[in-house]
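Please look over the sequence and the structure before reading on.

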Amino acid sequence: MPAIAETRDAVESLGQSTYKWGFETDIEMDLAPKGLNEDTIRLISRRKEEPEWLLGWRLKAFQAWQAMAEPTWAKVSHPPIDFQDAHYYAAPKKKAGPKSLDEVDPELLRTYEKLGIPLHEQALLAGVELPEGQEARAPIAVDAVFDSVSVVTTFRETLAKAGVIFCPISEAVRDHPELVRRYLGSVVPVSDNFYAALNSAVFTDGSFVYVPRGVRCPMELSTYFRINARNTGQFERTLIVVEDGASVSYLEGCTAPMRDENQLHAAVVELVAMDDASIKYSTVQNWYPGDENGRGGIYNFVTKRGACRGARSKISWTQVETGSAITWKYPSCILQGDGAVGEFYSVAVTNNHQQADTGTKMIHLGRNTRSTIIAKTISAGQSDSTYRGLVRMMPKASGARNFTQCDSLLIGDRCGAHTVPYIESRNMTAKVEHEATTSKISEDQLFYCRQRGLSEEDAVGLIVNGFCKDVLKELPMEFAVEAQKLLQISLEGSVG
Amino acid sequence: MNAIVPAGVSAAAFLDRYASRAGTNPVRDRAADMLRRAGLPRSGVEAWKYTSLRALGDVPFAAAPGTPDDAAVHAIVTGAEQAFALDGAMPRAVFVNGRFDPSRSSLPDGVSVGRFQALDEESDDEPAADVASALNAILAEDGLLLRVAPGVDAGRLLLLSVGAGADGTPISFHPRHRIELGQGAALSVLDLSVGQGAYLNNPVFDIAVGDGARLGHAKMQAEAAGAQHLAVVHAEIGAGGLYDSFTLTLGAALARHEVHVRLAAPGAVVHVNGAQLLDGRQHADLTSVITHAAPDCNSRQTVKNVLSGHARGVFQGKILVERVAQKTDGYQMNQALLLSETAEIDAKPELEIYADDVRCSHGATVGALDPDQLFYLRSRGIVEHEARAILVKAFLHDAVDLIGDEILRATLDRAVESWWNRKDA
């Protein structure tokens, strides 16, 4: 196929200039000294004015971490990480914490403006005063995390009226210690795995959401993560607790500047859903993936887990993973309550030298629990992408049900796509179904589109979007539009 | 060497036997070294995620006695002949406790038959990196070396392994067989293992299927209830060659059948099918790695597990498609039927793909008998246990039906039938 080869060469020559979020914000930073030891942890805890119990919790995690080894089972390879060669705390320098947007460093606001993150409540609320060319959007409350700290959280008053708590987790530690203490680490224990233990020891900020009984959160909540400083890692911690009959939809986005060195991102997300509660967690992960030669990029080692504690509770993960040099991430559901529902919808795109090992775990404990897994993997360039997922039916999970579908699309003959499902059933009335396919873009489909006048690039974009449709339709509308564009951009340089 | 602490369960008893045996050589030394370092795997090693050999490390398996009790062997052989209605006219190679028994064997025409000793001297091969092959490498004493000349159809051969374990002192034997088919040659092997008492059977097959050759390999593992069975097949298939294999697992307390197939030239085809029928506290593992190393090859795999009692079935199947293997067609299906509250299935069907112009798919299902189907049959006047029998047999038939050789297929069909009747009784 000379046509494809030509286009590929042409686009490849453009290099990685397509990562438009790669700029760096020049802002004065407050950095902890490089290195990781008990003193670093004490320093973080002191800077954040944390209570004694949290420091103790962090130190316990640090001890556990020191005794653990990095996991090696994932299909990713990278040079050894020097965990002492990073700053574990980086915060924009500021006076006393900003109480309103007016007090936030304008440089920061410009950063989020450039990223297209709506931090101006009024403009959004009014709807009519938007600058020309900008569409009116439904209001979204945003918690913006810049390196180690949350810079601003919008719409807090509106949410407070509904009884919803949405704030940086460091603030929740101060204002709602009983809630944080009760749930922090209850889904992902400090010694759960190497990266979760590391996060527990050094996490700096993240979002906290609490939706009280019977409340349907009046707007979508969103956190936007931005790594900016050099030689830092980002370790955010998100905790979402939804009480009986309540519901929330939460969005997460992330970007980082383009740098030659690798940066570490090790987050932990914990979700708790009680009786009849529902949590929808959507991610568009767009960390800097490194350049076309595999230089630089984020190492994204993330532990995300939701506990469906209550009967008929529901947790739904949707992720679009296009960024990061390495992705190691398995958003999971522990289906404890009878009739609980877990969902996982994923699109993972790798290009150039990216590596992704991602999937989910569905642990069925309760009766009549149900789970659905739809994973779409697209590999291009010289990348490797792996779906790794576990479905486990425990002896008490009578009448439980799982359906899994994994499809992989290979673009070019230098990439790899792998599927590694683990299926374990110890209950005869539980039903598990798994299917997976791997193929390339069909010549017939391509021909059909080309014949109708679409350029090769548009045709591939169209086919890829169709391939991912089952997942994209699960995203909130705005995210879906962004995700579609992102898919196209991520695949540029791989094929027409 | 005492300083080395193995990662898994110590294989000391086996290694001591190796140290005291005659016939050491560098190949075997390397295998011993690997076992000393790695030990016998306990679950946790990715390749042995669901099967632990801890039980083997605890047992001091002895070498099989030189002359087994003739009457006992005779009883086992006639028992197997009756149970599986074996064709007496079929040429056979009989191994008793891992040693060739010429008096009970009658080999087919058109094949060159040798013994393992010769192979041992010829072979400079590295022992394969898997534990069961390494264990075989250090303790193998005998085996069949079978060569079918180009263009010859050698018909069928029964390869019968008899384990005559004396109660009290468990023995282990480690036969190493090699089957080579020349260009365009053909052979069907019925590979049956039976026995009584406590023993470990650790057979390894090295198989080379030449260009355009066809090898049928239907295995029935019906070891004694107290036995352990640890088998490995290494097969390489030439251009346009076919290796049509099926493994029916019925016996042994702990069993693992591990297959490594390499489709080495264009047009090679492999079938790695199988069925496990387990009951009681049986644990059986079917692990396969099918490597597509050339373009235009085709692999097919259907594995069915029927599990009752406290049985645990394991299926780990990997299809690896190398970069050169364009136009690969790979298919893998695993279906498990749980017939009791306490049975367990662990499945890991895996695709590892580096070529883009391929068609690979796999599927896996786990569940109980469909109540609707049962109801349908019951409503037509069929009693419950018969209705269940019909459904289970139909479930298994899909897999057994894939065996190309009709005589072997009929034999395995009968084995399935009698297993169910025994269970049903």
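Which residues of the largest nonpolar core touch the most other members? This is a predicted model, in which local features need pLDDT of at least 70 and side-chain atom pairs count only at pLDDT 80 or more, while totals for chains, interfaces and linings use all residues. Residues are numbered from 1 along each chain as its sequence is written, and chains are lettered from A and ligands numbered from 1 in the order in which they are written.

**The core**

The largest nonpolar core has 263 residues, of which Val242(A), Leu271(A), Ile279(A), Leu35(B), Ile138(B) and Leu412(B) touch the most other members. Such a core is a set of buried Ala, Val, Leu, Ile, Met, Phe, Trp, Tyr and Cys residues joined through C-beta atoms within 7 Å; a residue is buried if 20 or more other C-beta atoms lie within 10 Å of its own, exposed if 12 or fewer, and partly exposed in between, with C-beta atoms placed from the backbone. Because domain 1 (26-36 + 64-368) and domain 2 (369-425) of chain B both give residues to this core, it lies between them; the domain bounds come from an automatic or database domain assignment.

**Helix α1 of chain B**

In helix α1(B), residues 12-19, the buried residues are Phe14(B), Leu15(B) and Tyr18(B). Seen down the helix axis, they fall within an arc of 95 degrees, so they line one face of α1(B); the arc is that of the directions from the axis to the C-beta atoms. These buried residues pack against α2 (26-38) and α6 (131-139) of chain B, whereas the face turned away from them carries the exposed Asp16(B) and Ala19(B). Helices (H or I, at least four residues) and strands (E, at least two) are DSSP runs, numbered from the N terminus.

**Between the chains**

The contact takes 28 residues from chain A and 32 residues from chain B. On the side of chain A, β22 (401-411), β23 (416-425) and β24 (431-440) each give two or more residues. Strands pair if DSSP finds at least two bridges between them.

| Strands | Sense | Bridges |
|---|---|---|
| β24(A) and β22(B) | antiparallel | seven bridges |
| β22(A) and β24(A) | parallel | 10 bridges |

Glu433(A) has Thr365(B) as its bridge partner in β22(B), and Glu433(A) is also the partner of Phe403(A) in β24(A).

Notes. Contact = placed C-beta atoms within 7 Å.
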